[in-house]
Amino acid sequence: MSSTMTPIYLDWIGPFKLDCGEVPDRDEFTNSATAWGVYQIYGSHPVYGPKVLLYIGKAWEQNFGTRLNQHGLADWTSDRGNLEIYLGRMLVSGDEKLSDSEWALQISAAEKLLIYAHSPALNSMNVHQLPTDVAQYHVLNYGCYAQLMEEVSGQRWDSACIEKVSSYKLYKYGK
């Protein structure tokens with residue numbers, strides 16, 4: 001179990017409504033400096049119903065617009081006029097600068113943790129088993145994060161932490 005947690009702060013914007021699965025040509029999706037990060041897709045699912053979390057993904061080494069267009073969103077549901085996208089971009093304090101490799105590591109950890117914690121209907125990776133490389137991360141969601149939990153900690157599901165906690169006893173107040 002890691003004793004030091006690395007916080008990842010995500011600022012979410014949205015929802016952006018898709019017109020028949022087409023990603024809008026907007027600055028939020030295409031600006032080379034700020035259109036990178038994690039995204040959520042909501043829509044109808046034949047089993048889970050309307051307005052459910054369908055997918056969580058990341059845009060890395062390409063902007064949100066390019067990545068989302070690769071999905072072929074128009075084919076995801078017969079109710080494609082009601083697809084909604086939320087974009088999560090990483091926040092840093094002041095003049096903090098992350099190396100490209102550290103940013104990629106953190107955004108990948110955030111994506112993995114969010115997928116594991118929320119089990120989106122159309123994700124297949126990172127849904128049933130916690131990836132081993134995310135135990136030290138703590139994702140904090142701000143802004144319009146839709147149906148996501150406010151916080152997701154890798155330590156919550158880390159096997160070493162679970163094993164340690166399983167040996168704990170109930171605290172007896174006043175004893």
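Author: A salt bridge is a side-chain nitrogen of Lys or Arg within 4 Å of a carboxyl oxygen of Asp or Glu. The model is predicted, so that local features need pLDDT of at least 70 and side-chain atom pairs count only at pLDDT 80 or more, while totals for chains, interfaces and linings use all residues. Residues are numbered from 1 along each chain as its sequence is written, and side-chain values use heavy atoms, without hydrogens and water.

Reader: Which side chain of opposite charge is nearest to Arg-67?

Author: Arg-67 belongs to helix 2, residues 64-70 (helices are DSSP runs of H or I, at least four residues, and strands are runs of E, at least two, numbered from the N terminus). Arg-67 is buried (under 20% relative accessible area with a 1.4 Å probe, protein chains only; exposed is over 50%, partly exposed in between). Lys and Arg count as positive, Asp and Glu as negative, with His and chain ends not counted. Arg-67 has no salt bridge, and at 6.8 Å the nearest side chain of opposite charge is Glu-111.

Reader: What percentage of the chain's residues is buried?

Author: The chain holds four helices and six strands. Of its 175 residues, the buried ones make up 42%.
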